[in-house]
Amino acid sequence: MNIETVSTKPIAGQKPGTSGLRKKTAAFLEPGYLENYIAAIIEGIGGVEGATMVIGGDGRFGNRQAIKTLVRMLGAAGAKHLIIGQNGLLSTPAASCVIRKRQATGGFIFSASHNPGGEHGDFGLKYNLANGGPAPENVTSAIYKATQTLSSYKIAELDEIDLSKVATVEHDGLVIEVIDPVTDYAALMEELFDFDAISGLFAGGFRLAYDAMHAATGPYAKAILEGRLGAAVGTVRNGEPLPDFGGLHPDPNPVHAKALFDLMAAPEAPDMGAASDGDGDRNLVLGPGLPVSPSDSIAILAANAHLAPGYKRGLAGVARSMPTSRALDRVAEELGISLYETPTGWKFFGNLLDAGKITMCGEESAGAGSDHVREKDGLWAVLLWLNILAVRRQSIPEIVREHWARFGRNYYTRHDYEAIETERAETLMSELTARLGSLPGEKAGSLTIEGADEFAYHDPIDGSLAEHQGIRVLFEGGGRAVFRLSGTGTEGATLRVYLERFEPAGGDHAQEPQQALAEIIAAAGEVAGIEKHTGRTEPDVIT
Ligand code: G6P
Ligand code: ZN
């Protein structure tokens, strides 16, 4: 193998965030940018000599080119076996599945998740470990450290690699195996869920509209839902992965999945609406006339998981990220299992899953998953919902309303203020942090503050400490507002305000969330001085 050593200099700002390194596509296209970051990963994980690595991405602009660069650099660094999704495609949960199934050393996923793609959109790279999960803090900091001291990288000369054909070839001792991206994943889904029962549901006329948003889940959803489960052809919409996601923003929320929300609000709505994001790890589920909030969805899935074969023995425990509503806590309490509260970011669930402390986990940001892989999994959540629907033979709104009637309803919403000047957003957070001690007893709008703190997490497995993970303000009467800055944005800062109020069993569960939370929304705005600091009077996105 002909290997060239290229001298380079550290590039500022290559700091992995909530989910790998995510930047504007243009930044990744700068000469040496990707190469530097790959070299830093290789150094940060202690080299790849003899390694087996899984490689894939969500198919966005730049994906194939980046994979080719990665292959040449892994080859130069001594990797032995590369397993790559056909056409460079692997959804994030499928990548996690393949890493585990093939007992690979780790995996590289090219994705900026739900961020827009294309030349003017975003690009990203995330490294996952042998357990199939995102690299934890100690690894991402080692990678970041390596980005700051890099002086050269190695790259091999290789013949053209054909990513379009499922085949295994060898280049000077480096085995490059291009695999069908769906096979391993579909087999795993078939182990977990009752495919016969779900097929029966579709055979009985159940109608599903699944929006793949021109992103990674298209081929998976078509093969599994339409292919194996017999859902009507056309169930999967926008099923062709496109480099720019068809100019759409592959984030399944009320703004970017508006067409699906409109469809599900219409009188002729199908029985279920669902969508995934760019790399297929998020999910959104809607019933006719009733979108299911992600925080409710994870609670309902946990309460009903035993109805699916893969979870019939029950759950060891559950976890949610701190800003996620506490609906899951009520289910855990009733099931008599432990509930863990972690910082935002799927990587924090990894240790709990590996240690067998939890079976399922989820986040308000449309993520749900279980110990079957070490990523959240959009299609998995849709299949679990389908399995539950097939067994319970009730509609989604019936199941959701029964859940509230039994456990109470956690009214919940998230308000996002996007692309704020970073300095102004940081000032808002630091002023709020400085006032934490004096907030209890103060009035905010019509509410009185009961307590306030900054969330820190002691990982119960490895003892690590993650600090500054968001500010919590509790109001008298049980309401809660959480403030944090997003770790996945690529433009300025995004302020996320998470708002929640509990209405017990027997209470009024029929209100519109924005109305039910109006007092808390106003109080949160006042406590943090959102308008004063950001100049904004309205959030950009409400989920
Ligand atoms: C990614 C991560 C999630 C996280 C979400 C929002 O999807 O995998 O774990 O909840 O981003 O993160 P952010 O920092 O933007 O709120
Ligand atoms: Zn994603």
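Modeller: Helices are DSSP runs of H or I with at least four residues, numbered from the N terminus, and their axes are lines fitted to C-alpha atoms over the stretch in contact, with angles from 0 to 180 degrees between N-to-C directions. The model is predicted, so local features need pLDDT of at least 70 and side-chain atom pairs 80 or more, while totals for chains, interfaces and linings use all residues. Residues are numbered from 1 along each chain as written, and chains are lettered from A and ligands numbered from 1 in written order.

On the α7 side, A197, I198, G200 and L201 take part, and they meet L386, N387, L389, A390 and V391 of α13, where contact means C-beta atoms, placed from the backbone, within 7 Å. By class, this contact holds 7 nonpolar residues, 2 polar ones and no charged ones (Asp, Glu, Lys and Arg count as charged; Ala, Val, Leu, Ile, Met, Phe, Trp, Tyr, Cys and Pro as nonpolar; the others, Gly among them, as polar).

For the wider setting, an automatic or database assignment gives domain 1 (2-179), domain 2 (185-407) and domain 3 (409-542). The C-alpha centres of domain 1 and domain 2 lie 28 Å apart, and their contact takes 28 residues from domain 1 and 30 residues from domain 2. Helix α4 (residues 92-101) gives the most to the domain 1 side, with 6 residues, and that side has 10 nonpolar, 15 polar and 3 charged residues.

Technical notes. Two residues are in contact if their C-beta atoms, placed from the backbone, lie within 7 Å. Helices (H or I, at least four residues) and strands (E, at least two) are DSSP runs, numbered from the N terminus.
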